[in-house]
Amino acid sequence: RHMKDIIFDNFQNDVNESLLRHKSILDIITKYSESSSRVNRALAKAVTNCGCIKISAKKQENISSNNDDINNFNYALNNHLEGELCDNCRDIIENEIGNNLFYLTSLCNCLDLNLYDILLKEENKMNLLGKFTLR
């Protein structure tokens, strides 16, 4: 076993032990949904309240089907962000993402799923399909 899977398993076990009030699947899925909204809200506040980052969105460039464009796919698309998160906004967003991971892991525990196995399957899918795993 590698250190990384031990860290994931320990995290999953710690989440299981610390989830006291929200054992019902209904509690878990609604808290998971709420935590996703809080990540989005923290990001919006970084733009609108703090201003450390700016969203400047426009239509993405068209990508043709020739191999050169496929190989440069990541470079052609833009994430529409300008600036960098300040330390305060970074801390807030990291905290909200941490809460989101907690409830995602709780969901896995409730359904008897292993988060690390899911991560490995997803990684294998991306490695197998490569650039064609477009989402």
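Trainee: How many disulfides does the count come to?

Mentor: The count comes to zero disulfides, a disulfide being a pair of cysteine sulfur atoms within 2.5 Å. Bear in mind that this is a predicted model, where local features need pLDDT of at least 70, side-chain atom pairs count only at pLDDT 80 or more, and totals for chains, interfaces and linings use all residues. Residues are numbered from 1 along each chain as its sequence is written, and side-chain values use heavy atoms, with hydrogens and water left out.

Trainee: Why is Cys-52 called buried?

Mentor: Buried means under 20% relative accessible area, exposed over 50%, and partly exposed in between (1.4 Å probe, protein chains only). Cys-52 has 17% relative accessibility, so Cys-52 counts as buried. Cys-110, with 37%, is partly exposed.

Trainee: And what makes Glu-61 exposed?

Mentor: Its relative accessibility is 52%, so Glu-61 counts as exposed. Glu-61 lies in the loop between strand S1 (53-55) and helix H3 (67-71); helices (H or I, at least four residues) and strands (E, at least two) are DSSP runs, numbered from the N terminus.

Trainee: How do you know that Glu-96 and Arg-38 meet in a salt bridge?

Mentor: A salt bridge needs a side-chain nitrogen of Lys or Arg within 4 Å of a carboxyl oxygen of Asp or Glu. For Glu-96 and Arg-38 the N to O distance is 3.2 Å, so the pair qualifies. Glu-96 lies in helix H5 and Arg-38 in helix H2, so the pair ties together parts that are 58 residues apart in sequence. Glu-96 is buried at 8%, whereas Arg-38 is partly exposed at 46%.

Trainee: What separates Glu-34 and Lys-31 in helix H2?

Mentor: About one helical turn, because they are three residues apart. Their side chains also form a salt bridge, at 3.5 Å from N to O.

Trainee: Why are H2 and H5 called roughly antiparallel?

Mentor: Angles under 35 degrees count as roughly parallel, over 145 as roughly antiparallel, 65 to 115 as roughly perpendicular and the rest as oblique. The axes of H2 (residues 25-50) and H5 (residues 87-110) come within 9 Å and cross at roughly 165°. That angle is over 145, so the helices are roughly antiparallel to each other. Axes here are lines fitted to C-alpha atoms, for helices over the stretch in contact, with angles from 0 to 180 degrees between N-to-C directions.
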